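Subject: Structure handover

Hi,

Here is the structure for your files. My notes on what turned up follow below.

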Amino acid sequence: MALPGLAELKQLKPGFNLFSAEQDIQLGREAVPELQKQMTVVHNREVDSYLSLLLHKLEKSTYARTLGRDGSRGELFPFSMHAVSDKKINAFSLPGGPVFINTGAIQEADNAAQLAGVIAHEMSHVVLRHMTNQASKRELVTLPAVLAGAVTGHSLLGQLAQVGIVFTANSALLKFSRSDEEQADYNGAEMMADAGYNPIEMARFFEKLEEKGGRAGAFEEFLSDHPNPGNRIAAISDEVGEMPRRNYVDDETGQLAHVREIVRHMAGPAKVAGGSPAPSESPSKELATFEGRTFSLRYPGNWQVQRGDGPDAVTIAPRGGLLPESVGYGLQANYFAGDANALIHRLQKENIDMRIAGEARNIDVAGQPAILNTLDSRSPYGGSEVDVLVTVARPEGLLYIVFIAPKSEFEKIQPVFEDVLRSVRFR
Ligand SMILES: [Zn+2]
């Protein structure tokens, strides 16, 4: 049985709009650099190329094209994908094509189709021109004069901001109406099916957000920007039921796992208000011993030990040093299959801002030749972070110990790290 909304959605028509499609594109273009100042946009080749791969598949659908008054489909907006380093599960788009997706949303997707579903939903807000439609409805009196008097060659975004119409982050225009949401779900599901993704996964993703929404703050933002029109999951399922049966392939799931792994290691936004401060408790003089399978070391007794996947994988950190997504203060040890350069390469891939900060030095660890590399990256507490990477070639592989602290704290903690390194013993 079809829900009453579906017949209506099939007759999808563009909303009232005082802007031209070209003005949508101009607004989006002008807003991207503004947003990049307000949030941390990720520049990682693998993440970007994966998101673009999903985008290009979706772009092939006619549902990715502009909608005419008579329901016909026209041009393709110049879509672009931008990943934002933020643990909150959210995504949003700007008029004329830019789509932003938080690393938290990438993390939460169980499969490529779910991620494609979020992108297709956002692209649909662009295609259906929901933001400029909302602005047109709200600013019915002001807008015609501004748009008529808009000086070409000047920022349209700026001219609108002067009369209080804001298109960047936290804009009221990013919060869509329930009927906008119904339309974006409907149009997005069609787009997904055309691209070979099972649209039911879009519903599953929303279902997951709804289930977790009450518990974790991270989920609320998406639902407040994209409110549930009331029967979201039933509506999408109903639409899928009317689609011709297709075989959906999920051929990028391996790639998604890889991309998820990359974004998992990215730090969240630097120093968010209310975020945890760097550890302040002094390391105790009493030492404790970590016994791995092939080595041991001693560390301040008030630091906490978290064992990793293997018997020699460990993170040891003071209280507050081990953050949900990364280690901001403390040390990590493990074996790596490859040489020191390959390890540094891997670390740089996982930590987008990591740079080599000094010459490699030859040192001695428990009588064995070792190499010390100094790297820096962005600290999750804000400011920069020092990462001292010590590697020792062992019969079992390359043992590495990385010592991590905010740059402002490093000098103070360095003697403690040196004591740890001197305490290393091989079996
Ligand atoms: Zn939405």
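This is a predicted model: local features need pLDDT of at least 70, side-chain atom pairs count only at pLDDT 80 or more; totals for chains, interfaces and linings use all residues.

Strand S7 (residues 295-300) pairs with S16 in the antiparallel sense, over two bridges. Strands and helices here are DSSP runs, numbered from the N terminus: E of at least two residues for strands, H or I of at least four for helices. Two strands pair if DSSP finds at least two bridges between them.

Residues are numbered from 1 along each chain as its sequence is written, and side-chain values use heavy atoms, with hydrogens and water left out.

Back to the sheet. It is open, has three strands in the order S6-S7-S16, and pairs antiparallel. Strands S6 (287-291) and S16 (425-426) stand at the edges with a single partner strand each, so one side of each has no neighbour in the sheet. Helix H15 (residues 407-422) lies across S7 and S16, at about 155 degrees to S7. Axes are lines fitted to C-alpha atoms, for helices over the stretch in contact (heavy atoms within 4.5 Å). Angles run from 0 to 180 degrees between N-to-C directions.

Next, the metal. His121 (NE2), His125 (NE2), Glu181 (OE), Glu181 (OE) and His226 (ND1) coordinate the zinc ion at 1.9 to 2.4 Å. Donors are N, O and S atoms within 2.8 Å of the metal (3.2 Å for Na, K and Ca); water is not among the atoms, so sites may look incomplete. Along the chain the donor spacing is H-x3-H-x55-E-x44-H. His121 sits in helix H5 (residues 112-127) and His226 in the loop between helix H11 (220-225) and helix H12 (232-242), so the pair ties together parts 105 residues apart in sequence. His121 is buried at 0% relative accessibility, and His226 is buried at 1%. Buried means under 20% relative accessible area (1.4 Å probe, protein chains only).

The largest pocket holds about 1000 Å³. Of its 41 lining residues, Arg264, His265, Val327, Gln332 and Glu350 are the closest to its centre. S10 gives the most to this lining, with five residues. A pocket is an open set of points on a 1 Å grid over the protein atoms alone, with protein on both sides within 12 Å along at least five of seven lines; lining residues have an atom within 4 Å of a point.

Best wishes

Methods: Buried means under 20% relative accessible area, exposed over 50%, partly exposed in between (1.4 Å probe, protein chains only). On a 1 Å grid over the protein atoms alone, a cavity is a set of points where a 1.4 Å probe fits but cannot get out, and a pocket is an open set with protein on both sides within 12 Å along at least five of seven lines; lining residues have an atom within 4 Å of a point. Grid points are joined across faces, edges and corners, and a volume is the space filled by probe spheres set on the points.
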